[in-house]
Amino acid sequence: MSHPYIPRCLSLQAGLGFKGRLKRRNLSSAVPWASLQLRHASVLFAYFFQYNKGGQTESHDPDVLRMVLGNTKWTLDFSHFLLNEMFDMADEFEDVYHDPEAFTQKLKNSSSLPLLILLSSMSRAFLRFICRGLRGVNAGFASANPASLVGDSRIYYTEICQTLESSPVRIDVYEKFLAGVDSAVKHAYQGAGFGDAERPGPEKELLVNARIPPVLTTAVATLLRQTVPALKSEINRRAIYLGDYGWLGFGNDRRTALYRKQREVDILKKCPLRPPLPLGNDGRVAPLKKRRCARCCEVSGDTNLPRSLLSFKMIAKLGLLRSCLCGGMWVLETDTGDLGARTASTNGSSNRVNQT
């Protein structure tokens, strides 16, 4: 999970389908890009869970907790986005459940990012680690030393717990759902006579080509007919359906496209960045500095080193001091309010760059 070449390989594949920051990625690019985000969150929660379990106070730094809060909101919304799509697919495929040939043909014509994410063993493993980490975050608040939670630390930690408690899907329910997906995929491989030596082929088809291999057709049928409907009594379906997932950047709806044009999300802290503040009525704005990754073109609002030693150590352990979560290097950028152009600098000299 923490191997340094995993994010580089995933970001390279994601870059092949990158058509500009304001345009939606194609499916073969979105799958590795989503896997990168899940990997980042799973590693972050793993460290956080480890510190809480060890009784250390390092993770109670306000800057660290702010990053955990943003990633908690992002991962919960992403999990709801997955479930919402799966419920829609279950309804859409209901009329072909009893016709295997029609089901297979309809599945070939579908293009569902959530389904590919759930079927891929790598991204599914990241989701399991995230669930485990979120349980540790929630349990850590009750056992935390009150002296280590003061000021902003208590505010952020309280908001994290409130976010988890108000989720329309409990963590244990989502873990049960992932276990059902694991079981469906396992039985599909076993039914086709696929062992460990044959599994890399279908996994490559999912991750690289964004296509569902024929061997997993039965797994999809089990998932849509049994696993997904079994969740209805344990979740708040209405809240999931009405959720706003535009800020995730994976949808193809107008809300996502509009959000992509108007706002940017910090790739590390998973929080929306504020736009440049106006200086008057003549359209002038205060320049806002940020870092942009030269590899994936995502941004971070932090242009300086972490303010506290504890935050510095956490960022260093995550390997994010000098590079983005995809492995690319940062470029300092000045935002002047023009979405079409930015002023970037890597060595003190400024250059105007266009983003389309």
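## Surroundings of L216

Leaving aside residues up to four places away in sequence, L216 touches L119, V185, A188, Y189 and L206 (contact means heavy atoms within 4.5 Å). L216 sits in the loop between helix 9 (200-207) and helix 10 (217-227); helices (H or I, at least four residues) and strands (E, at least two) are DSSP runs numbered from the N terminus. The relative accessible area of L216 is 0%, so the residue is buried (under 20%; exposed is over 50% and partly exposed in between, with a 1.4 Å probe and protein chains only). A184 is 32 residues from L216 along the chain, and their C-alpha atoms are separated by 8.7 Å.

## Basis of the values

The model is predicted: local features need pLDDT of at least 70 and side-chain atom pairs count only at pLDDT 80 or more, while totals for chains, interfaces and linings use all residues. Residues are numbered from 1 along each chain as its sequence is written, and side-chain values use heavy atoms, with hydrogens and water left out.

## Helix 3 and helix 13

The axes of helix 3 (residues 62-92) and helix 13 (residues 309-318) cross at roughly 45° and come within 7 Å. Axes are lines fitted to C-alpha atoms, for helices over the stretch in contact, and angles run from 0 to 180 degrees between N-to-C directions. The two helices are therefore oblique to each other (under 35 degrees is roughly parallel, over 145 roughly antiparallel, 65 to 115 roughly perpendicular, the rest oblique).

Helix 3 contributes D63, V64 and M67 to the contact, and helix 13 contributes L310, S311, M314, I315 and L318. Six of these residues are nonpolar, one is polar and one is charged. Ala, Val, Leu, Ile, Met, Phe, Trp, Tyr, Cys and Pro count as nonpolar, Asp, Glu, Lys and Arg as charged, and the others, Gly among them, as polar.

## Cavities

There are two cavities of 30 Å³ or more. A cavity is a set of points on a 1 Å grid over the protein atoms alone where a 1.4 Å probe fits but cannot get out, and lining residues have an atom within 4 Å of a point. Grid points are joined across faces, edges and corners, and a volume is the space filled by probe spheres set on the points.

The largest cavity holds about 480 Å³. Its lining has 29 residues, with W33, L248, G249, R260 and E298 nearest the centre. The lining comprises 13 nonpolar, five polar and eleven charged residues. The second largest cavity holds about 90 Å³. Its lining has eight nonpolar, four polar and no charged residues, and helix 3, helix 6 (121-143) and helix 8 (171-191) each supply at least two.

Notes:
On a 1 Å grid over the protein atoms alone, a cavity is a set of points where a 1.4 Å probe fits but cannot get out, and a pocket is an open set with protein on both sides within 12 Å along at least five of seven lines; lining residues have an atom within 4 Å of a point.
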